[in-house]
Amino acid sequence: MTGIVDYNAGNITSVERALKVLKDPFILSKNPKELEKVDRIIFPGVGDAAYAMKQLKLTGFDLFLKDWAASGKKLAGICLGSQIIFDRSDEGDTECLGLLPGSIVHFSTLFDEIGMNRDGAIKIPHIGWNDLTYDNGGSALLEGVPEHSDFYFVHSYVICPKDYSIVKATADYGIKVPACVEKDNISAFQFHPEKSGSHGMQILKNFCKDDLIKG
């Protein structure tokens, strides 16, 4: 059984639809107690980091997700959910969940550091389809997905992990953008697998494979 965290900041409908297509039993809930017995958690999200963290604290999902990660059970963050599992975000100078060490930095800051994009040729936010290059051996969650497959991105901030070895795939958007990170039981996708066609569905299938209904 898969649990989907609903904290008023998630991209919920498309995730639900994808799991229904995969025939994966799931529970969507605003109440952490209702997700205590599931096998894995999907932590989606769109929008602002500060607002999202406020909602997590109001619902109790902040402590729930910290305890869940510490328990060793599987957790997958998507888009904003992939960012606020790290220590902090420059968006609103927000202290995040701290499940993985690292920070979230705006594209413009990273471009300025290397003296590029001063003509504004690279648009921010990064919106649209981009292909993945595998790194550090890739991930089992990418099994069945050919390298350089395209995925759908929408973001202005970039994951900057303290330990680069957890980056399993990147996208090129003027800089190498960490697109898939993984450490032990925690995985995160900057792109939207649930909006990325058959390749994105394969990733979700790999994540949920233990209890997909056959037939």
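Two strands count as paired if DSSP finds at least two bridges between them. The model described here is predicted.

**Strand β3 and its partners**

Strand β3 spans residues 40-43. Strand β1, residues 2-5, pairs with β3 in the parallel sense, and G3 stands opposite I41 of β3. Strand β4, residues 74-78, also pairs with β3 in the parallel sense, with F43 standing opposite G77 of β4. The two pairings are set out below.

| Strand pair | Sense | Bridges |
|---|---|---|
| β1 (residues 2-5) and β3 | parallel | 3 bridges |
| β3 and β4 (residues 74-78) | parallel | 4 bridges |

Which way do the side chains of β3 point? R40 and I42 point one way, while I41 and F43 point the other way. In a regular strand the side chains alternate between the two faces of the sheet. R40, I41, I42 and F43 are all buried.

**Residue E194**

E194 lies in the loop that runs between β14 (186-189) and α6 (197-208). Is E194 buried or exposed? The relative accessible area of E194 is 10%, and the limit for a buried residue is under 20%, so E194 is buried.

Beyond its neighbours within four places in sequence, E194 is in contact with N11, S14, V15, A18, I78 and L204. The side chain of E194 also makes a polar contact of 2.8 Å with the side chain of H192. G72 is 122 residues from E194 along the chain, and the C-alpha atoms of the two are separated by 24 Å.

Definitions and conventions. Residues are numbered from 1 along each chain as its sequence is written. This is a predicted model: local features need pLDDT of at least 70, side-chain atom pairs count only at pLDDT 80 or more; totals for chains, interfaces and linings use all residues. Side-chain values use heavy atoms; hydrogens and water are left out. Helices (H or I, at least four residues) and strands (E, at least two) are DSSP runs, numbered from the N terminus. Buried means under 20% relative accessible area, exposed over 50%, partly exposed in between (1.4 Å probe, protein chains only). Contact means heavy atoms within 4.5 Å. A polar contact is a pair of N or O atoms within 3.5 Å; within protein, one must be able to donate a hydrogen and the other to accept it, and residues adjacent in sequence count only if both atoms are side-chain atoms.
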